[in-house]
Amino acid sequence: MSAGAGDALADEVVVVTGAASGIGAATATRLIAAGARVLLTDIDARGGEQLAASLGEHATFCELDVADEAAWGNAISHAETFLGPVTALVNNAGIHGGGFIEGFSESDWNRSLAVNLHGPLLGMRAVVPGMKRAGRGAIVNISSLQGREADVGLISYVAAKFGLRGISKSGAVELGRYGIRVNTVFPGLVATALTQGLPDHLMGKVPLARPGQPSRAGTPSDVAALVTFLVSDRASHITGAEITIDGGKSVRFPTTIQDYTTEIGLFDLKKTSTHG
Ligand SMILES: NC(=O)c1ccc[n+]([C@@H]2O[C@H](COP(=O)([O-])OP(=O)(O)OC[C@H]3O[C@@H](n4cnc5c(N)ncnc54)[C@H](O)[C@@H]3O)[C@@H](O)[C@H]2O)c1
């Protein structure tokens, strides 16, 4: 009998980091709805415990700072004890890391690298032995558009998210022989605590005048749907993939001929373009 929508992930035990809020919370919720058992982890114990309690008996919470290697051992034992052998890991926890090349703070740099880069690697190291024993596993790493292209004043974040891309690729190559898939997701702007305070026009609250740009920011559940797919068997032939989820934001050149044709009087684009 084929699995229905609510039990498609019935065989999966998934560890989600940074699961107390934002994309991690939406991902844990969606995975549970698809039938998975989920260990929610976060440094925010109160938020994580509350959410896990609201998700029912297939969810449990364990406090985990992803940068703390010993805490990873504890979290995996917790999952194995209460849910069963871990079959999937979503490395989602992340913090912003600012700074300019000429003026970054060492402590911001170290923390960004520890949480956004070293943490996911520690997570992969923690789950791989069990996945090897099982002969299968899925790891999804949450990078960012800023893990593909640079941005100003975010040197620590950009460096860490680019690094995560490399770790994912290495993981796909190194672990494929054990049936372990490793994929990377690159979200554009998503309305969460992380992006609170960003200007309205960036978050899609004010429609952009230019065509070809997304009319809204992403939502945590947009990303959760993609992650749930990548964890599932439906993605069994997908590994080493880099999937951007940004409503098309990065497809188009930030500035194109359409933005200045009227100013330079080159031609009337409306008459010559079939693309509107
Ligand atoms: N929001 C966006 O626009 C956006 C865009 C691209 C990528 N991302 C990435 O998505 C992921 C989730 O971000 P979000 O927007 O949901 O942010 P968020 O701030 O809503 O959630 C992040 C969660 O991670 C937890 N966390 C922070 N440090 C931690 C640590 N050391 N160990 C464990 N948990 C920790 C926080 O407590 C929080 O619950 C991050 O990796 C972020 O870089 C977000």
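Two strands pair if DSSP finds at least two bridges between them. I also jotted down that helices (H or I, at least four residues) and strands (E, at least two) are DSSP runs, numbered from the N terminus.

Before looking further, I noted that this is a predicted model: local features need pLDDT of at least 70, side-chain atom pairs count only at pLDDT 80 or more, and totals for chains, interfaces and linings use all residues. Residues are numbered from 1 along each chain as its sequence is written.

**Entry: the sheet.** I traced seven strands in an open sheet, ordered S3-S2-S1-S4-S5-S6-S7, with parallel pairing. S3 and strand S7 (242–245) are the edge strands, each pairing on one side only.

**Entry: S2 and S3.** I found five bridges joining strand S2 (residues 37–42) to S3, and the two run parallel. Leu40 has Phe61 in S3 as its bridge partner. Is S3 enclosed or open? It is largely enclosed by the rest of the structure, because four of the five residues of strand S3 (residues 59–63) are buried (20 or more other C-beta atoms within 10 Å of a residue's own, C-beta atoms being placed from the backbone).

**Entry: S5 and S6.** Here I saw strand S5 (residues 137–142) and strand S6 (residues 180–187) run parallel, joined by six bridges. Asn141 is partnered by Thr184 in S6.

**Entry: the ligand.** Which residues come nearest? Of the 28 residues around the ligand, I listed Gly18, Gly22, Ala93, Gly94 and Thr192 (near means a C-beta atom, placed from the backbone, within 6 Å). Helix H1 (residues 22–33) gives the most to this shell, with three residues.

Technical notes. Buried ≥ 20, exposed ≤ 12 C-beta atoms within 10 Å, placed from the backbone.
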